[in-house]
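Please look through the following structure. The paragraphs after it go through a few of its features in turn.

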Amino acid sequence: MTESVAFAASQILELLDVGSRLQDNKETSRIREVLQLFEQRSQNHQNLNQEEFSKLATEIRDVGYMFENQVEASIIKAGATDPDQEDYSRRRSIAGKCVPTCLRRRWSSYAGKAAMLDIHQRLVSIGHKYRAYVEHYSSVLAPAEDLTSRNVAYRRPREFLRREKEMGVLLPYLLPGNDLCQVVSISGVAGIGKTILAQQLFEDPELQYAYQIRIWVDVSKKSRTEIMEEIVKNVRGTSTKKMSQEELGREISSYLEKCSIITVLDEVSSMDDLEILEIILPRTSEVRSKILITTRSKQVAEVAHMTAPRCVHLSTLTHDEGYQLLLKNVPDFLVHGIQGELGRKIVDFCGGLPMSIVSFIKSMATKHTLEEWEETVNQRLCSTFSDRLEFPEIQASLEVLTSSYDELPYILKLCFLYMGVLQEYQHIEVEKLYLLWLADKLISSKRLQRGERLVDAVQSCVTELADRNMVELHHEGEARTITRFQYCQLNELMRDLSLLKNKHECFFKVVDFVRGSQPVPDSFSSSSECRMHRVAINFDECEEGCVVPLTDDEKMHVRVLLCSAKKKQVWPRELSSLAKFKYLRILDFNGFNFDLTILPYGVAAAVHLRYLSFRDCVLAELPSSIGNLRFLIILDLRVQYSTKMIIPNVLWKMRNLKHLYLPLLFETSDAGKIRLDGLTELETITNFNTWMFNVDDLLKMPKLQFLAANVAGNLEDIESIIKCMTMNSNVETSLEIRDFDCYTEERHSVFRKVLACQPLRVLCMEGHLCRMPMHYKFSQNLTKIIFIGSELIEDPMRTLEKLPKLRVLVLDDAFVGKETVCSSSGFLELKILELLNLHALEKWTVEDGAMPKLSTLVLANCRRLEMLPEGLQFVRGLQELDVSRMSKDFQKRIRNVDPEMGRDTHKVQHVPSIVLDDK
């Protein structure tokens, strides 16, 4: 947590770069000295008790927020009298001489000096606390984790499931006769069963017979020298004399080369720990000794032996595996009753974590009937997150998982804390996580490496959390986003941990109205000692008269307000005004119905806002006063898809806007086009349509990186889009062209130019084409193609299957031929294929090796198609088959009812989900 002190101090130092331009450096030098002292001291006190450091970091952070509010308030006031006042975000990176004179005068006034003096006094006071704490506790180290007691349950294999599949993979690698590797690895999150699997291997009769010496070392919290001394002691049978690391390394290497030894290094935590392998591993390839390591990091597991890594990543238990574990541990009267729904519910409740399942069973020791078990399980599944914390099995699980959180670098902790609050239902949008971080300024530009973007840093954080097995990642799906990953996900226990740590770290206050007008008792809110700057409120079951547990003083200090209502709740009258939330930076409305109520007062007056979202809301009209939000950098207007919004022509006033997400359906009050000129900072714009905007405005956006545009058959507009992609090769483009028939060479040549634009990622083309160019004339970056009404006379598969990145292909009334072929080694990345309304298609051939990654296949209204292709049986990754409006004979061939008629059943018997619609 000392890192959190340095982090908070560095954020204020960055703000001082602004303050020093607003006021003479003499006024800020003392503050800078105090903060730099914090940064230096925090590096020297890594081993002291962390709770006090957490409090100090929170106090420093509060001072930083107060300072930022004062700086921005002065800029806003100065801007009110100076129309040429430039925006704050640019002000941070320009020379001091550019600051308007009126703003300098304001900060040089008595009020400005008083504000700086107050900040200095607060920091000095925190510094005194810091010094007193260090002097009092410098000789007392934080209590070390009792790994032996923590792993007691792990050392009792009979309670846990024997992972036969993983045992079958690892055991051959560990036998002396296998010369392919010297190091074998097991990775997985805390509590997943890494140590118990290693213990089962350690005690396997084959390994006991094969090795002369077996050594087990708990690596966590031990130095490299201590680890090597323990290995030598186990080999010799006696304590070692004082030896250097080099001497220990040579002796261990000699033992491993000459003897038959298996060594388990349990809980290797980092890449630094792996350096011990370079010291102790023999250089010769003919070695009978083996090393087995367990780690929470996938990266550590995979690089443990660079020449031939052999590792197993443990996942949470499936329902079947969880059921087997239940059978090993439940009382006899439950052996039959635990089958089916009850067993599945228990496994789901425990997040598939073996340790949690065993703890759950122990907590049910007083329940002696099946009915009591069923009642208890149902109650727990319906419990709120705060109630979950009261259950013994959850407490036991979180106690172990806490160590995974404590080991995280501070920036990863912030990422993890945000994830727990954002995860609604099943997943977290990585793009939204990035946008919130951008608006919340959790990572400053100074902390980025050279050439690194903030979006890269966020993706790196998410990837590292996945590497530590704390989050599951879902790569790009059908929809394009500005992030490489579309979704990430926490299991139930990890979300519990995130919310619990939000409480401890004073990061987010979580309010849940799932019980009506009164919020759930707030287990995830911090103590009254902390000033909360971030609040998340769930209004799903909110009733009339609900009371938000925030005082006026607390509202004034809130910077982030996330409000969600998945059931399209009406915005509560009790929050009809947000005027008290004076310093909001982020305001997120998710899923509200504003048709029956007006937008709360004070939204447009929240002049500090960086982020404003109406995602999935019902909002008919955006107020024109929204143009007052000069600091806004993210505006998300993606309301419910059926809602048509009226947008005032004021977007051009938001000069700082970086990310603009427009609704699917919208119009202006005066039926004119919306101005976007002047938005030179814009990086993202979605649902841009050429009948509502001037296409030439895109050419004036030099920083544009992501464009999703709709064009309605206008040749000139399409050519302007092409010009935009040509001038800016960095703009990833998703283009939907409607009603564009290419009967003339002029129009077809424009179509070919579109295909050749390398920034093009997604193309939806509606209109007559007749033919298409060769594959090498397509953009090689295309990931999704939709052709509608193309009337192609040649088989399009021969061309499209050669596109190296194509993941989604939809052909809707696009081919008039009778036969199509998917060649072997074609469509190597294709995941989704939809063949719709191909009225002439009679035969479809899929060669062995085609579409190896296909997961979803949709066939609809291709009534002449005789049968499924024989080669579909070799597409082993196919998960979903959706068949509708096909001929009756075609459907009968798939149905597994009559062996005589179901002649295509064997082709799709490996597909888990098959949907047949006779309509």
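How many disulfides does the count come to? This is a predicted model, where local features need pLDDT of at least 70, side-chain atom pairs count only at pLDDT 80 or more, and totals for chains, interfaces and linings use all residues. Residues are numbered from 1 along each chain as its sequence is written, and side-chain values use heavy atoms, with hydrogens and water left out.

With a disulfide taken as a pair of cysteine sulfur atoms within 2.5 Å, the count is zero. Cys-415 is in no disulfide, its nearest cysteine sulfur being that of Cys-461, 5.3 Å away. Cys-415 has 0% relative accessibility and therefore counts as buried (under 20% relative accessible area; exposed is over 50%, partly exposed in between; 1.4 Å probe, protein chains only). Cys-862, at 1%, is also classed as buried.

Helices (H or I, at least four residues) and strands (E, at least two) are DSSP runs, numbered from the N terminus. In helix 8, residues 164–174, the buried residues are Glu-166, Met-167, Leu-170, Leu-171 and Leu-174. Viewed down the axis of helix 8, these fall within an arc of 120°, so they line one face; the arc is that of the directions from the helix axis to the C-beta atoms. An α-helix has 3.6 residues a turn, so residues three or four places apart point the same way. The buried residues of helix 8 pack against several elements, including strand 1 (183–187), helix 9 (194–202) and strand 3 (261–268), with contact meaning heavy atoms within 4.5 Å.

Tyr-641 lies in the loop between strand 14 (634–636) and strand 15 (644–646). Its relative accessibility is 64%, so Tyr-641 counts as exposed.
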